Amino acid sequence: MPKDVFYLTTPLYYTNSIPHIGHAYSTVAADIVARYHRVTGSGHAHFLTGTDEHGPKVADAAAAANMTPKAFCDEIVMRWKDAWRELDVSYDQFIRTTDPAHEAAVQAIFETLRGKGLIVAGKYEGWYCRNDETFWLERQLIDGRCPNPECRRPVEWVSEDGWFFKLSSFRGKLLEHYRAHPAWVQPRSAYNEMLALLDAGLEDLCVSRATVEWGIPLPGGGGTIYVWFDAICNYITAAGYPHDMQKFSTLWPADVHLIGKEILRFHTVIWPAILMALELPLPKLVFANGWITMEGAKMSKSLGNVIRPADLIGRFSVDALRYVLFAQAQYGTDFSFSEEGMLRRYNAELANDLGNLVQRTLSMLARYRGGVVPAPPRGQHAADYDAARAKVASALDALDFRVALAAIWERIGALNLFVEQSKPWELDKRGDASALDAVLYDLCEGIRWLGALVYPFMPSTGEKIWAALGQTGVPGRTWETTLRWGGLASGTKTAQPPALFPRVEAGV
Ligand SMILES: [Zn+2]
């Protein structure tokens, strides 16, 4: 039986800091996709997120806070969960890499690969960046320092016994997979970059750390498992591998891993090789989002230019933030964020275009028809709305959020124009009751569709519109049954919703 659950994941976030809007961007993207899949098709999604809690960086941050690593993570994890609650993120599962079930599963995976001769003993000598927990080759160093542009810290020479995953032996199979599935890594630039990396050759990967204490113990002793090997396995351990294969079969392979482009190599080279080693199918898609920049620089903790989601939610609203992050740029590309830009879009696209349309429609219905939906006219708008729904669906299937929003805003624009051209107030003055009924019906039915279509992006806005129109349940669930032109029953009693997007003044 083919699985009917759409399984999607975010990166696991590292618990040495608290979320900024860059993290919100990846996670809200996943939430939009999850909500979309819950209101279409089979209606089932499994949305996994969580935290990556091991490694020396976390141990150092905990020591600086005078706490044990576990107590430190317990506290930070609350902050991440709070942030997701404030952003209306509807994850189905939150995994922590310190969960005992995950730790046991990672040890079992390690043992399986060691048993197959795919993890072997060796000696590692090389330049190690403690901050990035990454070994670098001599030729990769820049002026003798870590080549990561966000780090550039001094590296140290490390020589230790370790266990190596035989990554190099998967190069041929990886290349084969890349050539057979040219869309499996997106955007295209990411695919090309990783293909070039594979072409250049692969080294085996040291997957143990003799001197790192805060990690999953190596089976048999001798240190801990490399934090990246530990963390990346979460996508299968959370799904039940290897201890609950019944659950696993309903979820795996993942439909999409949403990641940031800085962790592409781990997800599109190392991770598929580990899955191949375990003889498991690969995820269907890995999609890397771009970076949010501030005046040209990537937002990051180390650069001190982070924006906290809570500040923007406080000034605008959670839905406004969710909208603005995705209306601006094609998913997968970098874009520059500014609060002034957000203010402009908020007042124009949310307060004026959408908020006023809903408010106006429902107040006219209240004034002219006592808030009761009149009988539907002939369905001359069905084709426009069916086309909009198809456009939104195909854009969301391709994770092209901006195009999906543009298709919705095209409908909003058309409805605003319809109000101006049909002039309901004149129809009322002239006493043309049947023409007025027809216009009011089309407007109400139009905003019902809008409530459903915006819901994955802006859940509470969708819910407010839906409730104002006397509809029950999750807005638009499911599109195949609710989004048919004329679905709004005549006689439905409507209510005035609270202002969806009250204007925000500049400079406060
Ligand atoms: Zn570094």
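Predicted model: local features only at pLDDT ≥ 70, side-chain atom pairs only at ≥ 80, totals over all residues.
Which residues coordinate the zinc ion? I started there: Cys129 (SG), Asp132 (OD), Cys146 (SG) and Cys151 (SG) do, at 2.0 to 2.3 Å. Donors here are N, O and S atoms within 2.8 Å of the metal (3.2 Å for Na, K and Ca), and water is not among the atoms, so sites may look incomplete.

Residues are numbered from 1 along each chain as its sequence is written, and side-chain values use heavy atoms, without hydrogens and water.

Next I checked the geometry. The 4 donor atoms subtend angles of 95 to 116 degrees, so the arrangement is tetrahedral (four donors, all angles between 85 and 135 degrees). Along the sequence I read the donor spacing as C-x2-D-x13-C-x4-C. Cys129 sits in strand E4 (residues 119-129) and Cys146 in the loop between strand E5 (134-136) and strand E6 (156-165), 17 residues apart; strands are DSSP runs of at least two residues, numbered from the N terminus.

I then looked up burial (under 20% relative accessible area, 1.4 Å probe, protein chains only). Cys129 and Cys146 are both buried, and Cys151 counts as buried at 12%.

How many disulfides does a search of the whole structure find? I got 0, with a disulfide taken as a pair of cysteine sulfur atoms within 2.5 Å.

Terms used. Tetrahedral: all angles 85-135°; square planar, octahedral: opposite > 155°, others 65-115°. Helix = DSSP H or I, 4+ residues; strand = E, 2+ residues; numbered from the N terminus. Buried < 20%, exposed > 50% of the residue type's maximum accessible area, 1.4 Å probe, protein only.
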